[in-house]
Amino acid sequence: MKSVIRCVAGGLLCAVGAWLLTGSDAAVRVEAAGSCEGLTALALPAATITAAKIEAESCRVAATLKPTSDSEIKMEVWMPVSNWNGKYQAVGNGAFNGNINTGAMTPALTRGYAVSSTDTGHTGGSASFGLGHPEKVTDFGWRAVHETAAASKAIIAAYYGGAPKFSYFNGCSAGGRQAMQEAQRFPADFNGIIAGAPGLDWTGRAASANRIAQRLEQNEAARLGQPQRQLLHAAVVESCDLLDGVKDGVLENPKKCTFDPGVLECKGSEGGSSCLTTAQVETARMIYSVAVNPKTKRAINGLAYGSELGWTDLGWTASARATGLDQFRFLVFGDPSWTIQKFNWDSDIVLAEERDNNPLNALDPNLEPFISRGGKLIQYHGWSDPQISPSGTTQYYERVAQTLGGRDKVHGSYRLFMAPGMGHCSGGEGPNTFDMVAALERWVETAAAPDHVPASIARTSPAINRSRPLCPYPEVAVYKGTGSTDEGGNFACRPE
């Protein structure tokens with residue numbers, strides 16, 4: 001298929017014959033490149049360019065997309081005035097946030113990318129936008145990112161006089177969920193995708209956060225305060241740190257840890273920060289535990305050992321609780337007065353998955369269409385994430401491998417990197433600084449698959465300076481036996 005952009009000098013009146021795909025998907029012929037300001041006259045299907053101007057060495061274009069009568073999707077694309085690398089990168093959002101993610105756009109622009117972001121069809125951080133507006137829920141769930149990608153490619157081609165050579169998506173958390181939706185639903189949108197800490201089990205995470213918060217709102221004595229969380233974390237590390245052969249305060253693979261919080265239970269009159277009450281022990285076990293949808297029997301994962309320092313008095317993070325409350329209040333029950341105290345796991349998780357699985361969850365394990373087109377997917381997740389279960393990520397990877405015939409069938413196109421000690425998208429006690437964009441570029445553009453991704457951590461309080469390789473799951477970093485355990489070069493990725 002050929003897409004032709006014709007521009008009339010002086011007015012830049014352009015007719016886009018079809019949505020532009022990547023260079024591998026369409027032969028794009030551009031008869032004239034236009035000015036930035038002239039892009040306001042660009043005609044796009046179900047879209048309006050609302051602004052186009054040179055700002056901070058880039059051509060900044062804003063548009064509103066209306067794929068349905070109830071859609072109002074805002075987007076921006078920033079294009080370097082000079083030194084464009086010839087590529088396009090879309091960036092993701094967080095939680096229910098309806099905003100242009102300028103913070104994520106800036107690093108991509110600095111690397112020479114034309115970059116886009118969308119508000120996903122609403123403004124603000126609440127899910128109240130979805131009350132009585134199913135099309136807006138679909139926009140948020142997956143449509144806004146796809147429509148933004150299509151519009152961005154058309155705008156980029158009109159400005160530069162040619163389509164981008166490669167197209168990428170990069171997101172973490174809710175942005176990781178968006179990334180997985182793209183890989184599952186629109187295999188032609190991007191050559192390469194980065195999905196960090198993906199909220200792919202959106203309803204499961206929401207229900208899990210509600211389940212814990214309900215218990216702790218009702219029973220203050222069952223809460224784990226900061227001293228108890230520190231006590232628990234120290235005990236977990238003491239019990240399981242050496243399972244990987246290196247004493248470094250970080251669990252390489254928490255799935256091997258079999259720690260029982262019951263060993264910390266108070267005896268007699270003990271209490272305070274030196275032990276846990278029976279109620280606190282049960283809270284810890286509950287946070288780690290796997291819950292099950294009683295109808296489908298689907299396992300919904302708890303948090304991993306090692307994540308304790310990121311917990312709060314009410315269990316999961318404040319963002320997880322807020323997202324969970326909004327999910328059920330506005331999107332499941334359609335009742336703004338609904339509270340967590342009304343939550344019933346056995347019935348509500350079933351209802352949530354039946355109502356919301358299609359637009360929000362990104363759990364389809366069939367990545368064959370994306371893989372068969374040559375797409376490359378890097379997924380990563382911190383093992384100490386207190387907001388989105390890392391076990392949900394490994395569970396999904398295993399389901400994809402099983403669906404497509406084993407790890408060897410997917411390893412050439414899809415790799416998962418688990419980051420020991422890392423929190424939600426960043427931070428934590430383990431190496432958490434790495435460059436997934438560079439790793440993906442090499443894989444897509446030169447066929448150099450990442451057999452490991454170098455990661456590092458450096459801070460002064462407490463003093464730590466360490467590097468480690470992040471390994472393609474299920475491989476782990478194994479100490480070679482000589483040299484400093486703070487140097488990543490002394491580790492190798494090996495099957496566990």
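Is Cys 275 buried or exposed? Cys 275 has 3% relative accessibility, so it counts as buried. Buried means under 20% relative accessible area, exposed over 50%, partly exposed in between, with a 1.4 Å probe and protein chains only.

Some ground rules. This is a predicted model: local features need pLDDT of at least 70, side-chain atom pairs count only at pLDDT 80 or more, and totals for chains, interfaces and linings use all residues. Residues are numbered from 1 along each chain as its sequence is written, and side-chain values use heavy atoms, with hydrogens and water left out.

Now the partner. Cys 275 is joined to Cys 266 by a disulfide, S to S 2.0 Å. A disulfide here is a pair of cysteine sulfur atoms within 2.5 Å. The torsion about this S-S bond, Cys 266 to Cys 275, is about 100°, so the disulfide is right-handed. Cys 266 sits at 17% relative accessibility, so it also counts as buried.

How many disulfides does a search of the whole structure find? Five. Counting bonded cysteines along the chain, the pattern is 1-2, 3-8, 4-5, 6-7, 9-10.

Next, Cys 240 and Cys 257. Their sulfur atoms are 2.0 Å apart, in a disulfide. The S-S torsion of Cys 240 and Cys 257 is about 65°, so this one is right-handed. Cys 240 counts as buried, at 5% relative accessibility. Cys 257 does too, at 6%.

Last, Cys 36 and Cys 59. These form a disulfide with sulfur atoms 2.1 Å apart. The torsion about the bond between Cys 36 and Cys 59 is about 90°, so the disulfide is right-handed. Both Cys 36 and Cys 59 are buried.
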